[in-house]
Amino acid sequence: MLEALKKYFGYSEFRPLQEETIKTVVAGRDAFLLMPTGGGKSLCYQLPAVLLDGLTVVVSPLIALMKDQVDQLNALGIPATFLNSSLEASETEDRVRKLKRGEYKLLYVAPERLVMTGFLGFLDRLNVRLFAIDEAHCISEWGHDFRAEYRQLSIIKKRWPKVPLIAMTATATKRVEKDILTELGLRDPHRAQASFNRPNLAYTVRPKVKHFKELLDFLKQHKGDSGIIYCFSRNGAEELATALKTEGFRALPYHAGLDQQTRIRNQEKFSRDKVEIICATIAFGMGINKSNVRFVVHYDLPKSLAGYYQETGRAGRDGLPADCLLFFGLGDQTKQIIFIEEKPTEAERVHAREELDRMVAYAQSRICRRVALLGYFHEVFEGVPCGACDNCLVSGSQDMFDATREAQMFLSCMMRVQQSFGAGHIIEILRGSESEKIFNWRHNKLSTYGIGKSHSADEWKWIAAELQRLEYIRPDHNHHSVLRLMPKGADVLKGKTKVSIYYSPKRPKAQREKEGALAAPNESLFQELRELRKRIAEHQSVPPYVVFSDLSLKQMASIIPLDVPALLKISGVGETKAERYGTEFLTVIRQYANENPNLEPIEPPKMPMIAEMDGATETARVTAKMMRDGLTPKQVAKERDLTLSTVEAHLALAVADGFADLMPRLVSEPRRALLQAAFESIGWEVLKPVMEHLVEKYPENKFEYAELRYVRSYHIAEQKQNGEVDLSAKSSHVTS
């Protein structure tokens with residue numbers, strides 16, 4: 001497995017959950033994998049496809065993405081193809097012949113094609129060894145992107161009961177996960193779930209106050225970067241793309257109202273770095289394969305946290321820093337409610353309202369964004385302050401003011417219109433608007449008419465949002481989202497309670513380094529390598545990331561490899577890519593090194609671990625406490641319905657974070673001393689060389705990676721106790 005991993009994919013180690021999932025699938029067992037975008041889900045079926053003698057069939061939801069996925073695999077030296085309506089008849093016939101001859105390892109198809117009777121019969125004649133379902137949350141009506149055709153995929157396990165199936169998604173609540181397992185008919189599946197935390201993403205929410213100007217400022221900070229801007233409507237996407245082009249940005253729209261060829265053309269230009277910005281509705285992006293998206297902006301409020309998480313997850317797939325910006329105004333909530341009311345059943349409407357309420361609560365929250373976002377998926381995040389969200393970056397610097405008078409104005413106006421209007425109309429009354437609607441309702445005769453002229457409309461919108469966040473008022477979704485007075489609000493009106501609210505949010509006091517920028521002299525080399533990559537990609541008619549990711553190029557510009565063996569040590573450089581592109585990239589690097597004789601290699605940027613945590617999570621502590629109560633790791637795994645490897649990962653985190661007393665039960669003292677000596681001889685950073693050293697030196701003994709992790713965690717705990725460890729690096733050591 002490790003040889004194939006390095007040869008084809010250019011990685012020397014697996015990331016969390018990959019190895020155990022791949023072993024499970026190769027052994028013929030079904031699997032369910034819940035892992036955030038960028039966590040390495042694709043490898044969990046692509047590597048088995050290489051190892052198994054036969055064909056892997058991949059169900060992918062979007063035809064437009066299949067070519068990029070196949071191009072990427074072929075660039076790695078793995079024969080893959082797709083069948084869809086974009087092909088000419090002759091192309092389809094040629095690929096079918098090659099499939100029959102066993103010339104491909106992977107076949108990508110849409111769910112609609114797979115369930116066709118004729119296609120099922122065709123697959124019967126092939127040596128299919130594995131099915132992979134991407135974006136599996138689409139099978140659940142409770143998921144954020146339900147697709148009816150996915151329900152028909154239950155035919156797979158009925159028709160091929162002995163062929164393993166792996167279902168994958170980046171986002172699923174417990175309810176959606178249960179739906180996936182039931183609808184697909186997975187049999188005793190291996191279940192693997194990574195942390196939902198994306199440590200390389202920064203989250204910011206801004207009020208919709210002069211937000212186009214603020215968007216322009218944001219885009220100027222990301223000049224030249226690739227990014228997606230999500231809009232509520234098709235017209236909104238078109239208008240924003242036009243406005244950005246007027247301001248000098250290369251932007252294109254994407255939405256379901258465009259014809260298929262235009263959508264494909266616009267997406268291809270974006271994928272191939274010919275335009276930097278896509279202004280899109282939610283029709284864009286499922287499973288997008290572009291790795292170097294540096295920002296995702298939500299110009300309007302998403303309808304659910306699940307959708308928001310999925311869409312922001314399209315940023316930073318390469319593991320380098322990326323920004324997620326959300327603009328929020330109460331008017332967005334009203335627009336979403338109008339669409340919710342059009343849903344056919346009350347159950348769907350109730351569910352959609354609940355999801356929208358959670359989304360609004362997130363947008364209004366003053367706690368760490370990660371705590372709020374991960375909490376939606378029942379994950380506890382304890383690394384506060386996270387250092388990469390607006391609330392943590394401005395913590396302690398937000399000013400508050402006594403808004404009791406303004407609150408009483410607003411609430412009094414609500415009562416005078418008998419709680420029958422939304423925030424926008426209330427604000428018009430307070431500001432003395434002369435609109436036709438105000439005069440038709442004779443609201444210009446109210447005592448509250450015009451009493452709030454000293455505040456702008458945007459300031460009143462913010463005050464209204466804060467009153468809702470503090471639960472003085474709430475929108476009544478059953479009656480067109482008119483505002484209702486809550487008991488706390490009644491106390492304000494009676495003068496029993498004072499109201500303190502934040503001023504409109506400040507910008508974060510610290511800006512993250514753009515793209516994890518390299519030290520000065522090497523940045524120009526990185527740009528030269530990008531230009532070379534672009535020329536090669538255009539010549540081969542593939543997206544640039546198919547050649548090499550930004551992470552690979554940054555590591556080349558940092559490490560300065562001058563020969564093929566050194567190039568092969570770069571993350572993402574396997575034998576096929578080294579053979580195909582090595583000469584050209586090494587030529588540029590050598591020339592740069594000759595022109596800069598004082599150039600020194602610097603520490604390269606690394607991809608953050610998806611399972612990275614600041615200390616043991618709550619679930620890891622539960623495992624550790626059960627061990628303290630006398631259970632063995634196997635007993636804990638059975639009791640908690642977890643895999644043994646998951647329990648072992650919990651224990652490694654716990655030992656480093658206050659449960660070092662478990663060590664004697666995990667590794668005996670003589671054994672720990674032996675393993676520690678090996679670490680001190682080889683180094684603490686990477687496990688594989690230590691394992692190889694032990695196997696060579698003590699061939700009569702059997703060693704497990706789990707015990708190596710325990711010993712390394714114990715070492716971290718000792719350093720922590722002595723004040724010698726950089727705790728910010730602790731978790732990646734434990735989990736890598």
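## Gly331 and helix H15

Gly331 is part of helix H15, which covers residues 330–340. In this predicted model, Gly331 has a relative accessibility of 46%, so it counts as partly exposed; the cut-off for exposed is over 50%. The C-alpha atom of Gly331 is separated by 8.1 Å from that of Ala423, although the two residues are 92 apart along the chain.

## Overall make-up and confidence

The protein contains 36 helices and 17 strands. Of its 736 residues, 56% are buried. Counting contacts between residues at least 6 apart in sequence, 73% join residues at least 24 apart.

The average pLDDT of the protein is 85, and 89% of the residues score at least 70. The pLDDT is below 50 over residues 509–521, a stretch with 33 contacts in the model beyond near neighbours in sequence. Residues 724–736 also have a pLDDT below 50, and there the model has 36 contacts beyond near neighbours in sequence. Where pLDDT is low, predicted coordinates should not be read in detail.

## The seven-stranded sheet

An open sheet is formed by 7 strands in the order E3-E4-E2-E5-E6-E1-E7, with parallel pairing. Strands E3 (80–82) and E7 (190–193) stand at the edges; each has a single partner strand, so one side of each is left without a neighbour in the sheet. On average, neighbouring strands are turned by 15° against each other, direction ignored.

Strand E1 (residues 31–34) pairs with E7 in the parallel sense over 4 bridges. Within this pairing, Phe32 stands opposite Arg191 in E7. Helix H3 (residues 43–51) packs on the sheet and touches E1, E2 (55–59), E4 (106–109), E5 (128–133) and E6 (165–169). The direction of H3 makes about 140° with that of E4. Helix H7 (residues 117–124) also packs on the sheet, touching E2, E4 and E5, and its direction makes about 175° with that of E4.

## The nonpolar core

The largest nonpolar core has 146 residues, of which Leu114, Leu123, Phe131 and Phe410 touch the most other members. Nonpolar side chains tend to be buried together in soluble globular proteins.

Leaving aside neighbours within four places in sequence, Phe131 is in contact with Val57, Leu114, Leu123, Ile156, Trp160, Val163, Pro164, Leu165 and Ile166.

## Helix H11

Helix H11 spans residues 211–221, and its buried residues are Glu214, Leu215, Leu216, Phe218 and Leu219. These buried residues pack against helix H12 (234–246) and against strands E8 (201–207), E9 (226–230), E11 (277–280), E12 (293–298) and E13 (322–328).

## Two positive phi angles

Most residues other than glycine have a negative phi. Glu135 is not a glycine, yet has a positive phi of about 50°. Glu135 sits in the loop between E5 and helix H8 (148–151). With 7% relative accessibility, Glu135 counts as buried, because the limit for that class is under 20%.

Lys210 likewise is not a glycine and has a positive phi of about 50°. Its place is in the loop between E8 and H11. Lys210 has a relative accessible area of 65% and is therefore exposed.

Methods:
Residues numbered from 1 in each chain as written. Predicted model: local features only at pLDDT ≥ 70, side-chain atom pairs only at ≥ 80, totals over all residues. Heavy atoms only, no water. Core = buried A, V, L, I, M, F, W, Y, C linked by side-chain atoms within 4.5 Å. Buried < 20%, exposed > 50% of the residue type's maximum accessible area, 1.4 Å probe, protein only. Contact = heavy atoms within 4.5 Å. Pairing = 2+ DSSP bridges. Axes fitted to C-alpha atoms, helices over the stretch in contact; angles between N-to-C directions. pLDDT = per-residue confidence, 0-100.
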